[in-house]
Amino acid sequence: MNVPSNLKYTKDHEWVKVEGETATIGITHFAQSELGDIVYVDVDTLDETVDKNEVFGSVEAVKTVSDLFMPLTGEVIEFNELLEDEPEKVNSDPYGDGWMIKISITDASQIDDLLSPEAYKELIG
């Protein structure tokens, strides 16, 4: 299972790449493989501040719709518009072109609550 060592993770299977006061967020390889073929990514929280553990959007696969949970409190400053036309990028490249949102982090102390790659591997193992 692909679990990059430079990222942080949540129990809800989101990954977080922290760069200064900005974080890029997507779903993990494990999550996309469990969901199956992704046909739509819905994020309607652009320019809104969303609290940690609140829903920031949803991802629709052929057989199911799953909520996306905010791993850190922050303002959603960017949505990956590539996913509007190519939602399958979440399946083919979940840690690259399949990223979902970028946020401006409101409370950096919450980063410490995220899972390390090792802890996430234990969770899914």
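**Strand pairing, salt bridges and a surface patch**

Colleague: How do strand 1 and strand 2 run, and how many bridges join them?

Modeller: In this predicted model, strand 1 (residues 8-9) and strand 2 (residues 14-19) run antiparallel and are joined by 2 bridges. Within that pairing, lysine 8 stands opposite valine 16 in strand 2.

Colleague: And what does histidine 13 do in the hairpin there?

Modeller: The hairpin of strand 1 and strand 2 has 4 residues between the strands, and histidine 13 takes a positive phi in that hairpin, near 75 degrees.

Colleague: Switching to side chains, how many salt bridges does the structure hold?

Modeller: The structure holds 2 salt bridges. In one of them, the side chains of aspartate 113 and lysine 52 meet with an N to O distance of 3.0 Å.

Colleague: Where in the chain do aspartate 113 and lysine 52 sit?

Modeller: That pair links distant parts of the chain, 61 residues apart: aspartate 113 is in the loop between strand 9 (101-105) and helix 4 (117-124), while lysine 52 is in the loop between strand 5 (49-50) and strand 6 (55-61).

Colleague: Which residue does lysine 89 pair with?

Modeller: Lysine 89 forms a salt bridge with glutamate 86, and the closest N and O atoms are 4.0 Å apart. Lysine 89 counts as partly exposed at 21% relative accessibility, and glutamate 86 is also partly exposed, with a relative accessible area of 29%.

Colleague: Last topic, then: which residues form the nonpolar patch on the surface?

Modeller: The patch is formed by Val39, Tyr40 and Val62, which together have about 290 Å² of accessible area.

Colleague: Which strand does tyrosine 40 lie in, and why does it count as partly exposed?

Modeller: Tyrosine 40 lies in strand 4 (residues 38-42). Tyrosine 40 counts as partly exposed because its relative accessibility is 43%, and that label covers values between the under 20% limit for buried and the over 50% limit for exposed.

Methods: Residues are numbered from 1 along each chain as its sequence is written. This is a predicted model: local features need pLDDT of at least 70, side-chain atom pairs count only at pLDDT 80 or more; totals for chains, interfaces and linings use all residues. Side-chain values use heavy atoms; hydrogens and water are left out. Buried means under 20% relative accessible area, exposed over 50%, partly exposed in between (1.4 Å probe, protein chains only). Patches are made of residues with over 30% relative accessible area and no salt bridge: like charges are joined within 9 Å, nonpolar side chains (Val, Leu, Ile, Met, Phe, Trp, Tyr) within 5 Å. Accessible areas come from the Shrake-Rupley method with a 1.4 Å probe; for residues, only the protein chains shown count as cover. Two strands pair if DSSP finds at least two bridges between them.
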